[in-house]
Amino acid sequence: MYLNKYEESILNGEYGPIKAKALKALVKMGEALGADRLIEITHAHISGISYTTIGEAGLELLKELSAERVYVDASCNPAGFDLERWRLLGVPEEYYEKQIEIINSLRRMGVKITLSCTPYLIENIRPATHISWAESNAVLYANSVLGALTNREGGLSALLAALVGRTPNYGLHIDENRKPSIIVNIEPNIDPNEPSVLGSLGYSLGQIIGYGVPYIINFRRPNNLEMVKYFLAGIGASSALGLIIISQISPDERRLRRTDLRNLERMDLDKRNIKNVFETFNDVQLEDFDIVYFGCPHLSLNEVLHILEHVKNVRLPKGKRMWLTTSRKVVSEIMALGYNIDDLWSRGILLLSDMCPVVAPLRIIKVNSVITDSVKAAHYLRKLHGIKVTLMERRRILKLMNEIYSRC
Amino acid sequence: MGHLTFKCRPIVEGYAEGEALVFNQPISFLGDVDPVTGVIKADKEVKKVKDRILIFPHGKGSTVGSYVIYGLKRYNNKPKAIINLIADPVLVIGCVLADIPLVDKVSREFFEYVSTGDYVIVDANQGIISLCKRKSIR
């Protein structure tokens with residue numbers, strides 16, 4: 001692989017043993033994948049920072065790496081609990097200490113402690129810039145909506161890239177690999193504003209198309225563009241795809257020529273695909289849930305406001321909770337709008353930042369059954385925690401909460 | 001029967017020799033391998049990876065696997081070398097961080113021929129694997 005003088009000098013240890021190792025790992029990875037050189041990145045997003053996921057080995061490695069600082073702006077994925085209200089969630093002290101140790105390592109490295117899976121709602125990423133992002137929904141959003149260029153990195157490869165500001169030049173960093181491989185026609189009567197429907201559509205798409213770059217036509221634009229995240233999160237949960245080109249939305253569409261679409265296979269996605277996914281995740285009877293969960297991927301400010309407006313008369317009984325997960329930024333905006341987080345909590349409505357149930361110590365804090373509008377959450381909660389899940393439309397969940405748990 | 005030699009692609013350099021531990025299925029380091037005990041559970045077998053030449057077609061599953069490979073080093077359980085048909089990024093990164101010699105693109109013949117307990121020499125500097133069947137050592 002070709003390396004420039006700066007990269008050679010890192011590899012030779014002039015910037016210390018840790019950066020040398022980081023660069024070496026990226027070079028070896030690039031060589032194994034056929035990259036010709038390294039390219040500069042402007043941003044990195046690091047996943048795999050929960051103690052539940054990476055354990056003691058991950059904690060130790062991050063501690064070792066934390067003697068060095070990142071070379072480019074970097075953000076990070078959610079952790080195992082809300083940094084302020086962890087005690088109220090029942091998180092044990094020992095677990096708290098371990099998670100904080102990981103976060104402190106990241107902080108020492110200069111990683112922004114954003115603890116959110118929606119860096120695209122927080123960071124300012126320009127189109128056509130090379131970045132190194134982990135977290136599948138964020139990768140798909142960066143490539144398919146923002147028009148940035150990133151492979152689907154693992155948490156560690158994104159962190160190593162952040163340390164040296166480089167990533168191997170292969171895959172989705174190369175224009176030639178961003179051409180469509182199949183055309184997917186979406187049936188027109190599918191609601192583009194319902195998270196569970198969008199997620200199921202994406203999940204089904206990912207199950208059918210395991211690799212390549214699907215070109216999506218007749219996808220109705222949601223009222224709020226960021227809702228596309230549910231579609232992308234569904235795709236990310238069921239496939240290894242890193243880019244889709246959505247007609248009228250994805251910047252990559254502008255570079256397409258008619259010849260790029262010639263002779264492509266074509267398939268349709270319709271309501272039957274969505275119905276199948278709903279039937280896959282249907283373990284929890286309505287009043288048997290421990291938590292009703294919104295926020296995978298993290299909720300935007302608009303979504304939190306919308307949900308809070310709909311549950312203003314809801315008070316949940318003991319043992320039942322509603323979880324809303326979002327970024328620290330959104331929680332502070334909500335507070336600035338006059339909401340009292342403690343009042344919400346006293347009604348069983350837990351507005352949570354910094355965390356995600358998928359990477360939380362759920363068994364320890366005694367969550368065994370979840371109703372959610374997110375297919376990604378349903379997929380991973382069942383797979384990684386073995387708990388019961390039911391996928392349900394957001395509007396239906398909100399309606400039922402009002403019918404069953406209204407305090408008026 | 002003497003040594004058989006095979007060409008391979010060196011990825012993480014180094015030299016190692018030892019007893020082979022062979023799996024015919026892809027390995028997910030997160031889930032299949034416990035870094036603290038060094039135990040691997042795959043192909044319905046339970047084995048220790050420490051000081052073995054670990055041989056399997058390719059990795060699969062979570063990217064957290066790199067941390068697990070690093071963990072094997074941390075807990076003094078690392079294999080002496082790893083041989084793959086095709087190495088994936090998770091494994092490459094883990095092996096660089098844990099200083100485990102890694103080679104891939106070795107011929108299918110090698111994979112058909114090698115079995116657990118054989119003596120294997122991995123020269124990941126030159127890209128050469130030598131195989132000595134268990135029977136011929138005795």
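Two strands pair if DSSP finds at least two bridges between them. The legends below describe close-up views of a predicted model.

**Figure 1. Strands β4, β5 and β6 of chain B form an open sheet.** The order is β4-β5-β6, and the pairing is antiparallel. β4 (residues 33–34) and β6 (residues 45–48) of chain B stand at the edges. Each has a single partner strand, so one side of each is left without a neighbour in the sheet. Two bridges join β4(B) to β5(B), which spans residues 39–42. V33(B) faces I40(B) of β5(B) across this pairing. Strands of a sheet pair through backbone hydrogen bonds, either parallel or antiparallel.

**Figure 2. Helix α2 of chain B is mostly covered.** The helix runs over residues 65–74, and nine of its 10 residues are buried. The buried set is G65(B), S66(B), Y67(B), V68(B), I69(B), Y70(B), G71(B), L72(B) and K73(B). Just after α2(B), N76(B) takes a positive phi of about 60°.

**Figure 3. Helices α8 and α11 of chain A cross at roughly 100°.** Helix α8(A) covers residues 195–208, and helix α11(A) covers residues 271–280. Their axes come within 8 Å. Angles of 65 to 115 degrees count as roughly perpendicular, and α8(A) and α11(A) therefore fall in that class. On the α8(A) side, the contact is made by V197(A), S200(A), L201(A), Y203(A) and S204(A). They meet N273(A), I274(A), N276(A), V277(A) and F278(A) of α11(A). By class, this contact has six nonpolar, four polar and no charged residues.

**Figure 4. K275(A) is an exposed residue of helix α11 in chain A.** It has 12 C-beta neighbours inside 10 Å. A residue is exposed if that count is 12 or fewer, so K275(A) qualifies. The C-alpha atoms of K275(A) and L121(A) are separated by 30 Å. Along the chain, these two residues are 154 residues apart.

**Figure 5. A cis peptide bond joins C296(A) and P297(A).** Omega is about -5°. P297(A) sits in strand β11 of chain A, which covers residues 291–299. Most residues other than glycine have a negative phi, and most peptide bonds are trans.

**Figure 6. D354(A) and K105(B) each have a positive phi.** For D354(A), phi is near 75°. This residue is found in the loop between β13 (349–353) and β14 (369–372) of chain A. D354(A) counts as buried, with 25 C-beta neighbours inside 10 Å. For K105(B), phi is near 50°. The loop between β9 (102–104) and α4 (108–113) of chain B holds K105(B). K105(B) is partly exposed, with 15 other C-beta atoms within 10 Å.

**Figure 7. Confidence in chain B averages a pLDDT of 91.** In this chain, 96% of the residues score at least 70. Among its elements, strand β8(B) (residues 81–83) has the highest mean pLDDT, 98. Helix α5(B) (residues 134–137) has the lowest, 63. Where pLDDT is low, the predicted coordinates should not be read in detail. The model scores ipTM 0.83 and pTM 0.93.

How values were computed. Residues numbered from 1 in each chain as written. Chains lettered and ligands numbered in written order. Predicted model: local features only at pLDDT ≥ 70, side-chain atom pairs only at ≥ 80, totals over all residues. Axes fitted to C-alpha atoms, helices over the stretch in contact; angles between N-to-C directions. Helix = DSSP H or I, 4+ residues; strand = E, 2+ residues; numbered from the N terminus. Parallel < 35°, antiparallel > 145°, perpendicular 65-115°, else oblique. Contact = placed C-beta atoms within 7 Å. Nonpolar A, V, L, I, M, F, W, Y, C, P; charged D, E, K, R; others polar. pLDDT = per-residue confidence, 0-100. Buried ≥ 20, exposed ≤ 12 C-beta atoms within 10 Å, placed from the backbone.
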